[in-house]
Amino acid sequence: MPQSIDLANHELLALTRASLAALRAALVRDAGPTAASYLQEAGYAGGEALFASFSAWLREHGEGPPESLEVSMFELRASEYFRDAGWGSLSIGTLRDAVATLDSPDWGEADPASGVDHPSCHLTTGMFADFFGRIADHPVAVLEVECRSAGDARCRFLVGNSEVMSHIYEEMGQGVGYEAAAEAIA
């Protein structure tokens, strides 16, 4: 059963999904493609506070620091945390042992009513880049490859080092599917 997070003590605030969707729509309308980088930058800026909140949440649940958790326990606890924080459910896995995957059928930033033609959870990609970079203790890149805003059944984010993610992004730009691009790396 989800538990609430004391937002003020975790240096978080509640923002309605409708407000986030309206903000994204206004940025896209007024800034065009540049809106994605603005949202990614904002998400990345919040990563440090999000990581601190996750660390505090783990302590509140009787766990040690994130880096001390076994992989399976980290996956479970991270999923519980993001759900409790209102972002939605999150499944963590891997794709061809080349990249980590983060999947959600109900991710909070997604707006299925927006009808966009490409993944658009840009705030999340920035946030995940900082958050998971802290877990990995080195910079990571995040690429959303499926999005409920674009009509997909789930949001799927790929997480990996910048070289791997650049390769996947470039291959996708050439019409190669992300799974095939990841398979070529593994």
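Which are the buried residues of H3, and what do they pack against?

Modeller: This is a predicted model, in which local features need pLDDT of at least 70, side-chain atom pairs count only at pLDDT 80 or more, and totals for chains, interfaces and linings use all residues. Residues are numbered from 1 along each chain as its sequence is written, and side-chain values use heavy atoms, with hydrogens and water left out.

The buried residues of H3 are Gly47, Leu50, Phe51, Ser53, Phe54, Ser55, Ala56, Trp57 and Leu58, where buried means under 20% relative accessible area, exposed means over 50% and partly exposed lies in between, with a 1.4 Å probe and protein chains only. Helix H3 covers residues 47-60, 14 residues in total, and spans 20 Å between its first and last C-alpha, close to the 20 Å expected at 1.5 Å a residue; the expected span is taken as 1.5 Å times one less than the number of residues. Just after H3, glycine 62 adopts a positive phi of about 75°.

As for partners, the buried residues of H3 pack against helix H2 (34-45), helix H4 (71-84) and helix H5 (122-136), contact being heavy atoms within 4.5 Å. Two packed helices are described by the angle between their axes and the distance between the axes. The axes of H3 and H5 come within 8 Å and cross at roughly 50°, which makes H3 oblique to H5. Here the axes are lines fitted to C-alpha atoms, for helices over the stretch in contact, with angles running from 0 to 180 degrees between N-to-C directions; angles under 35 degrees count as roughly parallel, over 145 as roughly antiparallel, 65 to 115 as roughly perpendicular and the rest as oblique. On the H3 side the contact is made by Gly47, Glu48, Leu50, Phe51 and Phe54, and on the H5 side by Met127, Asp130, Phe131, Arg134 and Ile135. By class, that contact of H3 with H5 holds six nonpolar, one polar and three charged residues, with Ala, Val, Leu, Ile, Met, Phe, Trp, Tyr, Cys and Pro counted as nonpolar, Asp, Glu, Lys and Arg as charged, and the others, Gly among them, as polar.

H5 deserves a description of its own. With 15 residues, H5 reaches 21 Å from its first C-alpha to its last, close to the 21 Å expected at 1.5 Å a residue. Because 12 of its 15 residues are buried, H5 is largely enclosed by the rest of the structure; those buried residues are His122, Leu123, Thr124, Thr125, Gly126, Met127, Phe128, Ala129, Asp130, Phe131, Phe132 and Gly133.

Within helix H5 sits alanine 129, which counts as buried at 12% relative accessibility. Not counting residues up to four places away in sequence, alanine 129 touches Tyr44, Val140 and Val142. Alanine 129 and phenylalanine 54 are 75 residues apart along the chain, and their C-alpha atoms are separated by 15 Å.

Just after H5, aspartate 137 takes a positive phi of about 65°, and this is a residue other than glycine. Aspartate 137 is placed in the loop between H5 and strand S3 (141-146), where it is exposed, with a relative accessible area of 70%.

Isoleucine 5, in the segment before helix H1 (17-31), is buried, with a relative accessible area of 10%. Leaving aside neighbours within four places in sequence, isoleucine 5 is in contact with His10, Leu12, Trp57, Tyr81, Asp84 and Ala85, and Trp57 is one of the buried residues of H3. Isoleucine 5 and threonine 125 lie 120 residues apart in sequence and 22 Å apart in space, C-alpha to C-alpha.

Notes
Helix = DSSP H or I, 4+ residues; strand = E, 2+ residues; numbered from the N terminus.
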